[in-house]
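Colleague: I would like to learn how to read a structure like this one, feature by feature. Could we begin with a pair of strands and work outwards from there?

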Amino acid sequence: MQPDILKNSLIVSCQPVPGGPMDEPVFVAGFAMAAVAAGASALRIESARYVRAVREKVDVPIIGIVKRDLEDSPVRITPFITDVKDLADAGADIIAVDATDRPRPETLADLVVAARALGKLTMADCSSLEDARHALECGMDFVGTTLSGYVGGPEPDDPDIDLITEMARLTPYVIAEGRIRTPQQAADAARAGAFAVTVGSAITRTEHTTAWFRDALADAYNAADDRPVLAIDIGGTKSMAALISGGKVLERTRVPTAVGGTPDGWLSAIHAATSGWYGRYGAVGIAATGLVEDGVWQALNRATLNIPDRYPLKEKAESLFGAPALAVNDAQAAAWGEYLATGKTMGTIVFLTISTGIGGGVVSKGALMTGLAGHFGLTRSASGGATPFEDRVSGKFIAAEAARLGHEEETPAVFKAAANGEAWAADIVDGSAAKVATLCADIKLMFDPDAIVIGGGIGLADGFLALVSQHLAALPPRLRPELVAARCGAEAGLIGVADLARGNNQGK
């Protein structure tokens with residue numbers, strides 16, 4: 001048998017992961033037959049057992065090896081003359097051995113003599129040019145780059161093309177082997193002077209190739225996660241959008257929520273306003289007034305925003321903005337944003353936003369409660385009748401009360417009039433604060449939170465929180481809730497939903 005039998009060959013190494021699900025003769029033989037059927041000119045097979053199983057199925061040249069873990073030598077590949085004989089008996093045509101300059105149980109020259117006596121060719125698995133030179137002096141037929149990068153130090157990622165080139169100056173019979181994972185790398189090895197090229201894990205080790213793809217995808221997804229989040233807050237009178245990264249607002253815009261409009265129209269308006277940000281975000285987080293469950297949106301109080309039943313908010317957003325989306329109630333998103341602002345130092349907080357409507361959210365023991373949790377504006381006991389609480393407290397109520405008293409003023413103007421000492425306005429504002437105080441006292445009994453965080457345009461209006469606290473002052477200390485002003489202001493929902501969109505909530 002002459003070395004030319006491997007000229008211009010693709011050699012497929014069919015070596016299963018030891019102890020893996022493919023580590024059986026039937027699978028090794030199957031890999032070998034599939035490789036030959038696809039055009040492999042030769043095979044590299046480990047152990048006499050597997051060489052025998054493969055030889056029964058194919059007639060192409062087989063490079064046989066035996067791997068051993070020795071206590072007194074770092075040499076692993078075909079260290080003994082008995083291994084050479086076993087491989088020859090099993091049907092190997094070429095015997096590959098470790099040719100590195102390390103302590104070994106049998107000399108390289110003796111292994112070559114044993115193989116030749118059995119009529120077999122030999123291959124030197126080398127780590128360096130010096131290994132190859134010595135192997136050729138001992139009479140080896142082929143030299144390979146098999147052990148380059150595996151005899152100490154960090155393992156490289158790419159094949160040793162330079163070593164292939166250097167070996168080709170010593171002999172034409174160079175077999176490129178080791179970390180050749182793509183067709184391009186195999187072609188590069190051939191152009192560098194390889195007589196034949198061996199590919200192993202990329203073809204026959206499912207565990208390895210799966211891990212490569214897994215890691216590549218993880219890197220891609222992590223890279224996407226490093227991009228900002230497009231955070232959207234859809235409110236009853238206005239919608240806000242921002243690019244948020246690391247809890248910081250990079251850019252923002254505001255879009256009116258068209259009265260009498262539709263969700264499709266509101267989303268389209270936001271999409272148009274943020275079109276210049278396309279490609280800069282890796283995810284979309286939407287905080288919306290109303291009930292949001294499993295990405296589906298609907299109104300709980302149509303007086304706040306007339307949302308049709310079961311609008312597919314998540315699905316529509318993903319289609320429109322071209323990125324994975326998460327949707328949650330706006331007040332719940334704000335609750336999470338305010339919880340983040342505390343540095344997660346509190347076990348339980350309740351967030352109460354008082355604006356066009358009344359919303360809220362509960363973070364209990366570090367987990368955001370979703371679904372109906374926190375929709376305090378729809379409660380009825382604090383309103384003193386059948387009317388939902390928010391219809392007796394919110395910005396719309398304050399403006400309506402002013403109109404009823406003959407003052408056609410928007411809510412901010414009512415607060416300004418109250419600050420200027422106008423009695424009619426002060427009564428409206430104080431009445432709203434009293435009802436909020438009643439609700440806060442009830443929330444204390446329901447959840448016993450570390451704090452109730454007050455936000456929203458009304459909640460954060462000058463003097464409003466102080467009025468609420470005054471109405472709670474008569475309560476015993478244990479029953480009196482701790483009220484704090486929202487730290488994130490109008491951006492709480494944006495910051496919260498951006499974090500949620502990254503999957504950082506361990507919620508219920």
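Modeller: Let us begin with a single pairing, keeping in mind that this is a predicted model. F351 has G361 as its bridge partner, and G361 belongs to strand 17. That pairing is one of a set, for seven bridges join strand 16 to strand 17 (residues 358-364), and the two strands run antiparallel.

Colleague: Through how many residues does the hairpin join strand 16 to strand 17?

Modeller: The hairpin passes from strand 16 to strand 17 through three residues. Strand 16 also pairs with strand 19 (residues 451-455), but here the sense is parallel and there are five bridges. Within that pairing, V350 stands opposite I452 of strand 19.

Colleague: In what order do the strands of this open sheet follow each other?

Modeller: The order is 18-17-16-19-20, which makes an open sheet of five strands with mixed pairing. Strand 18 (367-369) and strand 20 (483-485) each have a single partner strand and stand at the edges, so one side of each is left without a neighbour in the sheet. Neighbouring strands of this sheet are turned against each other by 25° on average, if direction is ignored.

Colleague: Which helices pack on this sheet, and which strands do they touch?

Modeller: Helix 17 (residues 464-472) packs on the sheet and touches strand 16, strand 19 and strand 20, its direction making about 180° with that of strand 20. Helix 15 (residues 423-447) lies across strand 16, strand 17, strand 19 and strand 20, and runs at about 160° to strand 16.

Colleague: How many residues of strand 16 are buried, and on which sides do they lie?

Modeller: For burial, the cut-off to remember is under 20% relative accessible area. Seven of the seven residues of strand 16 (residues 348-354) are buried. Both of its faces are covered, with T348, V350, L352 and I354 on one side and I349, F351 and T353 on the other.

Colleague: Is A241 buried or exposed?

Modeller: A241, which has its place in strand 10, counts as buried because its relative accessibility is 2%. Beyond its neighbours within four places in sequence, A241 is in contact with several residues, including L230, I232, R252, I270 and W277.

Colleague: Why do the buried residues of a helix often share one side?

Modeller: The general idea is that an α-helix has 3.6 residues a turn, so residues three or four places apart point the same way. Helix 1 (residues 25-37) has 13 residues and reaches 18 Å from its first C-alpha to its last, close to the 18 Å expected at 1.5 Å a residue. In helix 1, the buried residues are V28, A29, A32 and A35. They cover an arc of only 125° around the axis, which puts them on the same side of helix 1. On the other side, V26 and A37 are exposed. What covers the buried residues includes strand 1 (9-13), strand 2 (42-46) and helix 2 (48-55).

Colleague: Which residues touch the most other members of the largest nonpolar core?

Modeller: In that core of 48 residues, L43, I45, V54, V143, M167 and V197 touch the most other members. Helix 4 (residues 108-117) gives the largest share of this core, five residues. Apart from it lies another core, of 35 residues, among them I358, V429, A437 and I454.

Notes. Residues are numbered from 1 along each chain as its sequence is written. This is a predicted model: local features need pLDDT of at least 70, side-chain atom pairs count only at pLDDT 80 or more; totals for chains, interfaces and linings use all residues. Side-chain values use heavy atoms; hydrogens and water are left out. Helices (H or I, at least four residues) and strands (E, at least two) are DSSP runs, numbered from the N terminus. The expected span of a helix is 1.5 Å times one less than its number of residues. Buried means under 20% relative accessible area, exposed over 50%, partly exposed in between (1.4 Å probe, protein chains only). The arc is that of the directions from the helix axis to the C-beta atoms. Contact means heavy atoms within 4.5 Å. A nonpolar core is a set of buried Ala, Val, Leu, Ile, Met, Phe, Trp, Tyr and Cys residues joined through side-chain atoms within 4.5 Å. Two strands pair if DSSP finds at least two bridges between them. Axes are lines fitted to C-alpha atoms, for helices over the stretch in contact, and angles run from 0 to 180 degrees between N-to-C directions.
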